[in-house]
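Reader: I would like to go through the terms used for this model. Please set each value against its cut-off.

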Amino acid sequence: MSTTIKPLQRTNDFVVKFANVNGSGSASANGLFARAILRMGVPASARNIFPSNIQGLPTWYEVRISGQGWLGRRGGVDLMVAMNPQTWDRDLAEIEPGGYLFYDSTRELPKSRFRDDIFILGIPLTAICNREYTSPRERQLFKNVMYLGALAFLLGIELAVIDQLIADQFASKQKLIDANYKAVRLGYEAARTQVGAPIGLHVERSDAVGDRIFIDGNAAAGLGCVYGGATVCAWYPITPSTSLVESFTDYCKQLRHDPETGRANYAIVQAEDELASIGMVVGAGWNGARAFTATSGPGISLMQEFLGLAYFAEIPSVLFNIQRGGPSTGMPTKTQQSDVLSCAYASHGDTKHVLLFPQDPKESFDFGALSFDLAERLQTPVFVMMDLDIGMNEWLVDPFRWDETRGYDRGKIMTAEMLEAGKDFGRYLDVDGDGIPFRTLPGTHPARGAYFTRGTSRDPYAKYSELGSVYQANMERLLKKFRTAASLVPAPVVHRAQQETNAGILYYGSTSEPMREALSQLEAQNIHLDAMRIRAFPFNDEVYRFIAEHDFVFLVEQNRDAQLKTLLVNEGEIDPSRIVSLLHYDGSTITAKFISREVASRITASNVKPMKKVAS
Amino acid sequence: MTYLLKPKLHHPSLAPNALGYTRRDYEGAISTMCAGCGHDSISAALIQTCYELDMEPHRVAKLSGIGCSSKSPDYFLGNSHGFNTVHGRMPSVLTGANLANRDLLYLGISGDGDSASIGLGQFAHAMRRGVQMVYVVENNGVYGLTKGQFSATADKGSKSKGGVVNEDSAIDLCALALQMGATFVARSFSGDKGQLVPLLKAAFTHGGTAFIDVLSPCVTFNNHAGSTKSYDFVREHNDALNRLDIFFGKDEIVADYAPGSVTDVRQHDGSILRLHKLHDSYTPTDRIHAMRYLEERKALGQIVTGLLYMDATPNTLHDNLNTVEGALGILGDKALCPGQGNLDKINASLR
């Protein structure tokens with residue numbers, strides 16, 4: 001080992017990456033590791049990096065520990081837990097100089113397989129397992145738990161915290177609890193005897209976590225659907241959206257059975273394909289249920305025809321799009337924000353759809369619940385635009401809250417009483433000037449309020465019509481309705497720079513957390529930007545004002561073609577040169593490092609300094 | 001089609017049914033089908049069925065896909081909500097509607113292009129799932145709105161109006177429905193209201209997935225010599241299995257048939273289907289027998305009509321999902337929202 005390199009010394013600020021083999025049972029031990037850090041009051045975030053495969057391929061779990069509370073991906077690795085020989089070389093290469101390599105030293109490796117600027121921590125995990133356990137399955141599973149014990153010694157994680165987590169996880173299964181305790185201690189002792197002392201990376205108890213919770217976006221969104229009053233879910237399995245429906249199913253089983261009869265207040269159907277799943281959602285929405293589907297880009301492509309029908313026939317429906325790398329099958333297990341345009345203008349003909357952009361699991365819950373109110377109020381499809389990073393990774397977020405005084409907004413539904421009272425019913429009649437007509441639900445009244453729903457053009461009273469003027473008036477009303485939507489969707493969130501500045505930066509979705517950190521990094525370099533997080537389409541006027549009041553704005557996106565910029569330029573008739581795109585689309589989670597580097601390089605290149613507004 | 005407006009005044013002697021509705025209350029807008037179209041006869045049969053079953057018109061939801069047949073729901077049950085959906089995708093929309101409100105009666109109207117060509121997948125899966133509905137295919141073997149192309153139910157060797165011979169094998173929707181698990185499968189002919197109306201009544205009271213394939217000749221594009229879906233061809237090759245009467249609790253069952261020639265089947269709602277056998281050996285409660293019989297007769301060039309199969313105690317999608325009574329769509333906040341107390345517990349489990 002080189003004598004010039006000093007081992008990294010960091011407390012509550014480092015990255016640990018686990019390199020595992022898919023299907024080896026490592027996920028449980030890795031999850032325990034992240035939770036133990038949190039239980040010690042130290043903020044942490046975790047990311048799964050995995051292939052489209054069930055067993056045998058490489059998979060990684062990256063944990064960033066940040067006492068300061070930066071929860072985006074940092075990039076780089078300080079401690080690599082290299083449990084997968086297949087990826088040894090690339091895993092080794094990722095370690096920061098002065099960083100650490102933890103590996104199973106049962107089989108001796110030649111010196112050439114290591115680097116001389118990192119510190120090696122070898123523990124003969126397999127040998128210990130073979131000595132302690134007889135069944136191959138036990139040997140495999142407890143090897144994972146054992147490295148958790150070893151890391152506890154090396155990093156200073158309290159054993160009592162791990163014990164409690166294990167007790168929580170296995171509830172009353174005392175045999176399993178004891179077996180896991182044993183494995184943790186075997187690892188802990190092995191590290192003590194092999195390495196001797198804790199390393200320079202250290203977890204120190206803190207109180208920076210507060211009452212925050214640790215959950216992935218799909219689980220949160222599934223719960224949001226329960227709270228939002230969804231009763232019908234039709235879906236087709238597709239990565240990375242599947243676990244959203246699994247979450248909805250689990251929470252429904254817990255929370256949605258009639259206390260007296262035990263019967264279900266919900267219906268979940270796995271359809272034969274995405275065409276059928278959106279068809280069922282449209283049918284249920286037409287018939288008065290709060291219905292949703294969860295899918296990803298390829299599913300959205302298949303649903304196009306129905307989305308045009310739902311837009312034109314004005315049927316409430318909710319779609320969760322957990323975006324992944326496209327086009328085509330693309331990168332099914334990698335993250336992107338590349339379905340913005342295919343959702344905003346989904347289907348043939350002139351259409352515009354409501355999109356919501358949650359920033360994390362907390363907003364996936366909030367927007368998930370809200371989407372049903374919006375869909376029924378606006379009688380149109382609403383897309384909750386998540387991505388794999390939000391959906392499939394556990395994030396540290398504020399706890400969920402529900403305003404008990406809030407009632408569901410079921411929108412404009414004409415009841416039997418209203419019809420009986422002689423109220424004029426025109427299914428596509430704009431009675432309130434907001435572009436939103438009344439609807440009746442099937443079965444409402446024996447003689448009034450029935451109408452024929454169709455995707456062909458019709459007059460305000462739902463009578464078939466091919467008259468150009470009738471068609472056009474209806475299309476204009478749909479535009480008016482879309483303008484109404486702009487006032488109902490979540491407004492953008494603005495973060496003003498500490499100093500007055502002529503430049504702004506726009507972002508949305510999962511870019512939010514790294515952006516928070518990037519802004520702080522840029523500030524330290526004396527680069528000041530006003531920041532705005534866009535939370536929905538149609539855009540609030542505030543978004544256009546923000547762009548107008550700056551000389552130029554950056555727009556950070558996780559796609560190749562600057563899709564949100566296209567949408568902004570198109571809808572707001574904005575001079576494209578006023579928006580500078582910063583695009584990250586290799587499928588990995590965007591980092592603060594990327595954002596601040598890209599911003600800084602462009603600021604320097606454009607020679608705009610200092611970033612101060614000239615007094616006019 | 002007719003160009004005359006329907007008279008608003010009804011004949012005073014028009015008899016009301018038990019609910020006080022006359023036949024007119026079950027009618028819809030004026031048909032825009034070609035004069036003599038089989039589809040109009042099916043609409044008339046549906047009107048008669050609903051009237052005679054004393055159905056509340058607004059308790060029916062009628063859904064269709066795209067095509068001539070799918071336009072027809074506009075022409076009957078004007079006081080029912082209708083939904084003209086997407087080509088070939090009516091089954092999924094109907095399934096969703098049914099999930100939202102199990103209390104309505106669902107009538108799916110489709111065509112052979114809609115169900116056997118573009119929509120074969122959705123047709124098959126809807127039959128599998130036990131969706132409670134009456135699914136009628138108005139089968140003419142041809143695309144009317146696009147002027148006479150073959151559909152997937154056109155028989156191999158049959159000839160189009162322009163003289164083109166169909167070389168592709170035909171899809172038999174009844175055979176498919178049987179295989180997929182439909183619990184009521186029948187075939188009929190638009191020109192035989194005496195057979196069709198009782199079948200529709202039985203289908204509406206069946207309580208499970210009821211499928212009826214109704215041969216419905218296209219007078220404009222598929223009623224010529226060489227067609228196997230013409231009025232003449234269907235009449236000549238019709239192999240009727242049985243005649244059906246349906247009796248409800250209030251009805252007196254009059255036994256005026258020779259012993260052995262009738263079979264009674266009690267449905268889940270207590271109604272009785274009386275089958276007058278036209279073929280001695282046929283048992284419509286034996287699915288495997290039905291499938292074999294259908295194939296055998298098809299090989300002889302015959303069109304088997306009548307009740308092919310029924311399961312008197314069908315299981316439905318809602319049974320399988322164990323959903324609550326009543327419409328899911330009308331459940332309020334109280335039943336649906338678990339509140340902050342439960343959320344606190346969930347939050348606590350995520351720390």
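Author: Start with a definition: a residue is called buried if its relative accessible area is under 20%. This is a predicted model.

Reader: Which residues of α3(B) are buried?

Author: They are Met90(B), Pro91(B), Ser92(B), Val93(B), Leu94(B), Thr95(B), Gly96(B), Ala97(B), Asn98(B), Leu99(B) and Ala100(B).

Reader: Why is helix α3 of chain B called largely enclosed?

Author: Eleven of its eleven residues, 90-100, are buried, so the rest of the structure largely encloses helix α3 of chain B. Across chain B, 57% of the 351 residues count as buried.

Reader: What makes chain B as compact as a globular protein of its length?

Author: Chain B has twelve helices and 13 strands. Its radius of gyration is 21 Å; the globule rule gives 20 Å for 351 residues, and the two values are close, so chain B is as compact as a globular protein of that length.

Reader: Why is Cys50(B) called buried?

Author: The relative accessible area of Cys50(B) is 0%. The cut-off is under 20%, so the term applies to Cys50(B).

Reader: What rules out a bond between Cys225(A) and Cys233(A)?

Author: Their sulfurs are 7.4 Å apart, too far for a bond. Cys225(A) is buried, with a relative accessible area of 0%.

Conventions. Residues are numbered from 1 along each chain as its sequence is written. Chains are lettered from A and ligands numbered from 1 in the order in which they are written. This is a predicted model: local features need pLDDT of at least 70, side-chain atom pairs count only at pLDDT 80 or more; totals for chains, interfaces and linings use all residues. Side-chain values use heavy atoms; hydrogens and water are left out. Helices (H or I, at least four residues) and strands (E, at least two) are DSSP runs, numbered from the N terminus. The radius of gyration is taken over C-alpha atoms; the globule rule is 2.2 Å times the number of residues to the power 0.38. Buried means under 20% relative accessible area, exposed over 50%, partly exposed in between (1.4 Å probe, protein chains only). A disulfide is a pair of cysteine sulfur atoms within 2.5 Å.
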